[in-house]
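Hi,

Here is the structure I promised to pass on to you. Have a look at it first, then read my notes below.

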Amino acid sequence: ALHYRNGHLDFAITRGDGTRGDVITENIRTIPGIPLRLLGVTPSWLEVRGEIFMPKSKFAELNESREEAGLAVFKNPRNAAAGTLKLLDSREVARRPLDFIAHGHGKIEGIIERTSSSLFDRLREFGLPVNHPLWTESSLDGIIQRVRELDVLRHSLPYETDGAVVKVIDFATREALGVTSRAPRWAAAYKYPPEQQETVLREITIQVGRTGALTPVAELDPVLVSGSTVRRATLHNQDEIDRKDVRIGDTVLIEK
């Protein structure tokens, strides 16, 4: 959550457990996509909620440079972004390719918007990057069609995503619908089934961990799954290999 007072970034916090999060203001100030000063006539207080992410292409470049430097590579962009925000040295954060998109709001003082659509238009005017695509539909059939459309489009987005979110756009209706102890009644998330691809297991190698633990690893024919190329997968241990009857030369199903 980014808190702007009179157009200036005042502080930034993480969601945490929903009650207590971390103050990450100095780290947020290093992200080029987040304006420190909003454009135009701004509200006295604006809380913008969104997601810090690491673009897929930049994540690949970061891992490549870390591998060349003999450093441990990150497992995925989500964990890399989350771990970066926890760093105490903002200079190191500045070297990581982080970006931001807004998808909601919290406290607002000084402007009145009746729908989330008009609020997003205002956020763009302020110079804030807004989540896209953002569609408005008035029927269940229309919503289902957009969910299907996004399932195709999401693979070309610069960041990883595993679902669609459906929200009532009218703020008065949201207020009337209310919330439960866990979630708002005016929003729902649809998660896409995990993507699966077939490939061939070419070799089983042994990876030695920092503690000396030995882990069998499947060396695979490279296959594109959910926007990234998978070449290796852990086989956990010998019992798991026996249980699945995994053998060199097998055709295996990769799920991400």
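What follows is a short tour of a helix, a sheet and some salt bridges. Keep in mind that this is a predicted model.

Let's start with helix H3, which covers residues 77–85. Which of its residues are buried? They are Pro77, Ala80, Ala81, Thr84 and Leu85. If you look down the axis of H3, these buried residues fall within an arc of 130°, so they line one face of the helix. At the N-terminal end, H3 is capped by Asn76, with a side-chain oxygen 3.3 Å from the backbone nitrogen of Arg78.

Next, the sheet. There is an open sheet of 4 strands, in the order E9-E8-E7-E10, and the pairing is antiparallel. Its edge strands are E9 (228–234) and E10 (251–255), each of which pairs on one side only. From one strand to the next, the twist averages 45°. Leu224, for example, has Thr229 in E9 as its bridge partner.

Now the charged side chains. How many salt bridges does a search of the whole structure find? It finds 19. Here are a few to click on:

- Lys86 pairs with Asp22, and their closest N and O atoms are 3.5 Å apart. Lys86 sits in the loop between H3 and H4, and Asp22 in the loop between strand E2 (8–12) and H1, so this pair ties together parts that are 64 residues apart in sequence. Lys86 is exposed, at 59% relative accessible area, while Asp22 is partly exposed at 38%.
- Arg154 and Asp151 form another one, with the closest N and O atoms 2.8 Å apart. Here Arg154 is buried at 10%, and Asp151 is partly exposed at 27%.
- Arg96 forms a salt bridge with Glu92, at 3.3 Å between the closest N and O atoms. Arg96 counts as buried, at 13% relative accessibility, and Glu92 as partly exposed, at 23%. Salt bridges with shared partners join Glu92, Arg95 and Arg96 into one network.

Cheers

Conventions:
Residues are numbered from 1 along each chain as its sequence is written. This is a predicted model: local features need pLDDT of at least 70, side-chain atom pairs count only at pLDDT 80 or more; totals for chains, interfaces and linings use all residues. Side-chain values use heavy atoms; hydrogens and water are left out. Buried means under 20% relative accessible area, exposed over 50%, partly exposed in between (1.4 Å probe, protein chains only). Helices (H or I, at least four residues) and strands (E, at least two) are DSSP runs, numbered from the N terminus. The arc is that of the directions from the helix axis to the C-beta atoms. A polar contact is a pair of N or O atoms within 3.5 Å; within protein, one must be able to donate a hydrogen and the other to accept it, and residues adjacent in sequence count only if both atoms are side-chain atoms. Two strands pair if DSSP finds at least two bridges between them. Axes are lines fitted to C-alpha atoms, for helices over the stretch in contact, and angles run from 0 to 180 degrees between N-to-C directions. A salt bridge is a side-chain nitrogen of Lys or Arg within 4 Å of a carboxyl oxygen of Asp or Glu.
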